[in-house]
Amino acid sequence: MRTHRFSLLGAVVVVVAALTGGCGGSGGGSKKASSTTSPASSGGTVVKTVTVHETEYKLTPNSISLPKAGTYVFKGVNDGTTTHSLEIEGNGVEMEAADISPGSSGTLKVKLPKTGTYEIYCPVDGHKDLGMKGTVTVGGAGAAGGTSTEDMNTGTTGTTTYRPRY
């Protein structure tokens, strides 16, 4: 009987651990993940890396032209004195980078599947309304020059984080 109790207790522990293992997080449908887990919306070969400098309260550049639809990495460089982030939204895409501390940088890998205009902004504490916003134009007139883009450096170090938005 005593052995049966321990077996039952072990089974209960395993079931409880399995059920609660996926719980936690923000609960708002927004998730943080490392670069080792890529949702389908951010997959594919990277076309370019685009660097965006963030300060209070602007993005530089705030108008980005890209030559074609595809997967891009947006590198946010926080040159400001408060936490910032980057979010890209439009044409069925909504992806947000993790918070970027002052003096640090972070990346957001996102697939821009269609030609057209996307919005880029800082989603932190009303920063968008204070002017930290811009546009990303994919394809079309003016995109061939690829303003504000640089070649992808595949030797980067550190952790790439993003939050897919559902």
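1. The model is a predicted one, in which local features need pLDDT of at least 70 and side-chain atom pairs count only at pLDDT 80 or more, whereas totals for chains, interfaces and linings use all residues. Residues are numbered from 1 along each chain as its sequence is written, and side-chain values use heavy atoms, with hydrogens and water left out.

2. Strand E10 covers residues 133-138; strands (E, at least two residues) are DSSP runs, numbered from the N terminus. In a regular strand the side chains alternate between the two faces of the sheet. Buried here means under 20% relative accessible area, exposed means over 50%, and partly exposed lies in between, with a 1.4 Å probe and protein chains only.

3. E10 has two pairings to consider, where two strands pair if DSSP finds at least two bridges between them. Strand E4 (residues 63-66) runs parallel to E10 and is joined to it by 4 bridges, with Leu66 having Val138 as its bridge partner. Strand E9 (residues 116-121) pairs with E10 in the antiparallel sense over 6 bridges, and Glu119 stands opposite Thr135.

4. The largest nonpolar core holds 22 residues, and those touching the most other members include Ile64, Leu66, Ile120 and Val136. Such a core is a set of buried Ala, Val, Leu, Ile, Met, Phe, Trp, Tyr and Cys residues joined through side-chain atoms within 4.5 Å. E2 (46-55), E4, E5 (70-78), E7 (93-97), E8 (105-112), E9 and E10 each supply at least two residues of this core. Not counting residues up to four places away in sequence, Ile120 touches, among others, Val52, Ile64, Phe74 and Val136, a contact being heavy atoms within 4.5 Å.

5. His53 lies in strand E2 and is partly exposed, with a relative accessible area of 34%. Its side chain makes a polar contact of 2.7 Å with that of Asp79; a polar contact is a pair of N or O atoms within 3.5 Å, where, within protein, one must be able to donate a hydrogen and the other to accept it, and residues adjacent in sequence count only if both atoms are side-chain atoms.

6. A polar atom of the Ser85 side chain lies 2.8 Å from the backbone oxygen of Ala97, and one lies 3.3 Å from the backbone oxygen of Ala98.
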